[in-house]
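Try each task before reading its solution.

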Amino acid sequence: MTEDRNKTHMEDIIIHAVQTGPEAEPPADLVARIMSRLEPKRPPLLTRLRLWLLRPRVLTVRPITAIPAMTLAAALLALVLVTSNNPMDGGGPSLATVRFVLHDTDMSARRVSVIGSFNNWRADRSVMWYSPDAQAWILEAQLPPGDHEYLFLVNGKQLVPDPNAPMTSDDGFGNRNSIVFVNGEHEQTL
């Protein structure tokens, strides 16, 4: 109890001394001297770049100058779209003609299609036609280079792998898909 009282008394003496002590004005150049001793801290390059990119800027556009720039940009965009949509201009992959043949000597099938990775497995995109001379269902398709898995869809129900395909692969559902390799512009017959 006496110790707490002595502590409180000492605090009162210190507070009184601070409150009644003479106030000295700091030197006039104190701030300048402190600031001159501080070296500016340069942030890393990525931080400076991020700050530069995030800094708001005022962009002034006059319509008289914006119209030609927008016209030029639209023309360039149209040129890029036109050239990129035509793969036969040398910019895109070259297509090769692939001839799919499914022999059907007794004409047991009424309708045959080729479904595969090149047509998103859609039968309506690659319907074959029957050749009485060859006694076979035939389809010629333009395919880009690469390997393509496919099957024949007979009468809209039966999946038939190509008996003439050089390779097959497991489709993960118990079926075997035929594989055709396209490696150039030469015509291929299966």
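Predicted model: local features only at pLDDT ≥ 70, side-chain atom pairs only at ≥ 80, totals over all residues.

**Exercise 1.** Find how β2 and β5 pair, and in which sense.

*Solution.* Start with the bridges: β2 and β5 pair in the antiparallel sense over 5 bridges. Strands here are DSSP runs of E with at least two residues, and helices are runs of H or I with at least four, numbered from the N terminus; two strands pair if DSSP finds at least two bridges between them.

Residues are numbered from 1 along each chain as its sequence is written, and side-chain values use heavy atoms, with hydrogens and water left out.

**Exercise 2.** Decide whether the two faces of β2 are covered or open.

*Solution.* First recall that in a regular strand the side chains alternate between the two faces of the sheet. On one side of β2, Val112, Val114 and Gly116 are buried, and on the other Ser113 and Ile115 are buried too. Buried means under 20% relative accessible area, exposed over 50%, and partly exposed in between (1.4 Å probe, protein chains only). The count for the strand is 5 of 5 residues buried.

**Exercise 3.** Identify the residues with the most contacts inside the largest nonpolar core.

*Solution.* A nonpolar core is a set of buried Ala, Val, Leu, Ile, Met, Phe, Trp, Tyr and Cys residues joined through side-chain atoms within 4.5 Å. The largest one has 20 residues, and Phe100, Val112, Met128 and Phe152 have the most contacts inside it. Then look at the elements: β1, β2, β4 (136-143), β5 (146-154) and β8 (176-182) each give two or more residues to this core.

**Exercise 4.** Search for aromatic pairs and describe the one formed by Phe100 and Phe118.

*Solution.* The whole structure holds 4 aromatic pairs. Phe100 and Phe118 are stacked, at 5.7 Å centre to centre with 20° between the planes. Rings of Phe, Tyr and Trp (its six-membered ring) pair if their centres lie within 6.5 Å; planes under 30 degrees apart count as stacked, over 60 as edge-to-face and the rest as tilted. Because Phe100 lies in strand β1 (residues 96-103) and Phe118 in the loop between β2 (112-116) and β3 (129-131), the pair ties together parts 18 residues apart in sequence.
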